[in-house]
Amino acid sequence: MNKQNESVRDYRRYLNSDPIPSDFKDVQKELSEMLEAKTEEPKKHQSSSSQHQSSYQNRPNSGKTAFDDMKKVIKFVFTLDHIFLLWLYIFRILIQDNPIFRISIKQILILNHQMVLGQGQDLIIIITPNQIPQSSNLLMIDLSHGVIILKKVY
Amino acid sequence: MECVNDCDDALNLDPTAIKLHIRKGKAFIKLGHFNPADTAFSKVLECNVNDFEFIPSLPSQEIEAKLALEQVIESAKLEAKAGLRELDKLKESVKLLITLESKMDFEEVLKATKDILSKSPNHRASQIARAHAYNELSFFEDAKGYIEEITISQAEKNIQKLYAHPSAKFPCPSIDSLDWKEIKSPNGLSIDVNSVVNMILCVGSELGFNYLVALKNVKMSRYYCADVMNKIFQILTQLDQLLSLEEKSDCWVWVSKELSKIKELISIKNTADLQFKNKNFRAALNSYGSALRVDITARRWSAILYSNRAATLMSLGMFAEAVADCHNSVNKDPGYSRAYLRRARAYRVSMMYLSSNFRLMNSFLSQ
């Protein structure tokens, strides 16, 4: 929360600087997106738990794959420049849909380091589920220049 | 200077005109030359009526003349004592100034120099200390303006030649020709290199160094850092060439040192920028780190380098480090707005990073 306030304060300092920054409109949009996300988050949070549970429970009968959902999410993530929601969502799908991919919290934290990336960088996520031998089964998601490639490596 | 010379000439003609010693002492105080002032006042105190020869036409006139001279000497001694007291106060103030400088208390240095310069406007050490304090407090525009103002005013009184380099050409360049100017097509920043070089020679060695520091830290370097660096490089190259023609003087050694620094800095910064452009972030990180160690006097450049390193750290996902570098950038130059934007983004991304971790853990724990 504190960081959010600091962030908003710094955005405003930049926007109020003299001379007016050349990217004023873009940054202003960035700030308003952030503020919108801040106000929408609590609303979503209130209603999300029950809906999510039911949708995931019904998933095997819906005919959708995790990959279909992921594509949508990735699109959403890219438009919002919200890269960390992406991996959260991927894990939610993988973990909740597919018990075989359940991994420990410790491994997720390690995974964070693998996922650290900056704007405009390629994103390569390697998931190593603890229940599957590493050499035999790796799931690889490669996002290069906005193209999504989901690979299952055996 | 002219007053001192005239007093000397007059004293040669009439040694009994002892008040001229006081005038001379006061002129030395104004010039900031405390030891000659002390000598001038002390001469008055040593005066005795019997030291002077009287060639009166009548004996009664000799007594009258001696009495009159005695009165003059007494009143001159009183004035000389007052002059010496003022001089002692000034010397104490200078001692205090040296202590304040060693303690790096630059706000107090500004106050102390104001006090000294109100009584001794040409006191060189105080002028240098004042310009240095302005730079240390990041009042770079004030430092530049102050040095230009005193140099031009002292040049008009022929005092500046005491401190200027022998190659300096007087009159000093006009203030207009010493300003950075924005140019269009292509957008950039420029300055009259020849005028600045001559100004540094007119200003003299110690103040010249402070003048260069103020020039480096021009506000517009936030937007045209490369242009400012290149112009400073040109100025130093020209100065170095000029000085190499003259007999080498220790007080101008800083020119060649600054020249090698700026060469190194431009080279490392260009390399770092290229590495960043080519997404070679690890190498760019090291290069920006090296660039930051080259020239600590150029604070506004350091602010830009810290901010660029913050962008590199962001690209490497090291958000906490990026925030720290943005803090450093803002500390170096609170008016550098891009550092605020980078810090805002670093906070935002690190916040998302933490919240996603938190939510992920919650999702596990709830299963």
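Tutor: Gladly! This is a predicted model. Let's begin with B:Asp333 and B:Arg300, whose side chains form a salt bridge with an N to O distance of 3.6 Å.

Student: What makes B:Asp333 and B:Arg300 a salt bridge?

Tutor: The label needs a Lys or Arg side-chain nitrogen within 4 Å of an Asp or Glu carboxyl oxygen. Here the N to O distance is 3.6 Å, so the pair qualifies under that cut-off.

Student: Which parts of chain B does this pair link?

Tutor: Distant ones: B:Asp333 sits in the loop between helix H14 (319–332) and H15, while B:Arg300 belongs to helix H13 (residues 299–315), and the two are 33 residues apart.

Student: Why are B:Asp333 and B:Arg300 called buried?

Tutor: Buried means under 20% relative accessible area. B:Asp333 has 2% and B:Arg300 has 5%, so both labels follow from the cut-off.

Student: Which residues form a network of salt bridges?

Tutor: Shared partners join A:Glu6, A:Arg9, A:Asp10, A:Arg13 and B:Arg343 into one network. Over all chains, the structure holds 24 salt bridges.

Student: How do you know that the salt bridge of B:Arg338 and A:Asp23 crosses between chains?

Tutor: Their side chains meet at 3.3 Å, N to O. B:Arg338 lies in helix H15 (residues 337–366) of chain B, and A:Asp23 in the loop between helix H1 (2–15) and helix H2 (24–62) of chain A.

Student: Are B:Arg338 and A:Asp23 buried or partly exposed?

Tutor: One of each! B:Arg338 has 27% relative accessible area and is partly exposed, whereas A:Asp23, at 17%, is buried. The buried label stops at 20%, so the two values fall on opposite sides of the cut-off.

Student: And what places B:Glu108 and B:Lys111 about one turn of the helix apart?

Tutor: Both lie in helix H5 (residues 106–119) of chain B, with a spacing of 3 residues. An α-helix has 3.6 residues a turn, so residues three or four places apart point the same way. B:Glu108 and B:Lys111 form a salt bridge, with the closest N and O atoms 3.2 Å apart.

Student: Moving on to the whole of chain B, what makes it more spread out than a compact globule?

Tutor: Chain B comes to 15 helices and 2 strands. Its radius of gyration is 30 Å, whereas the globule rule gives 21 Å for 367 residues, so chain B is more spread out than a compact globule. Along the principal axes, the C-alpha trace spans about 125 × 50 × 30 Å. Buried residues make up 51% of the chain.

Student: How do you know that helix H8 of chain B is largely enclosed?

Tutor: Count the buried residues: 10 of the 11 in H8 (residues 193–203) are buried, so the helix is largely enclosed by the rest of the structure. Among them are B:Val193, B:Met199 and B:Cys202.

Student: Which helices do the buried residues of H8(B) pack against?

Tutor: They pack against helix H6 (124–136), helix H7 (140–156), helix H9 (205–216), helix H10 (225–245) and helix H11 (254–277) of chain B.

Terms used
Residues are numbered from 1 along each chain as its sequence is written. Chains are lettered from A and ligands numbered from 1 in the order in which they are written. This is a predicted model: local features need pLDDT of at least 70, side-chain atom pairs count only at pLDDT 80 or more; totals for chains, interfaces and linings use all residues. Side-chain values use heavy atoms; hydrogens and water are left out. Helices (H or I, at least four residues) and strands (E, at least two) are DSSP runs, numbered from the N terminus. Buried means under 20% relative accessible area, exposed over 50%, partly exposed in between (1.4 Å probe, protein chains only). The radius of gyration is taken over C-alpha atoms; the globule rule is 2.2 Å times the number of residues to the power 0.38. Contact means heavy atoms within 4.5 Å.
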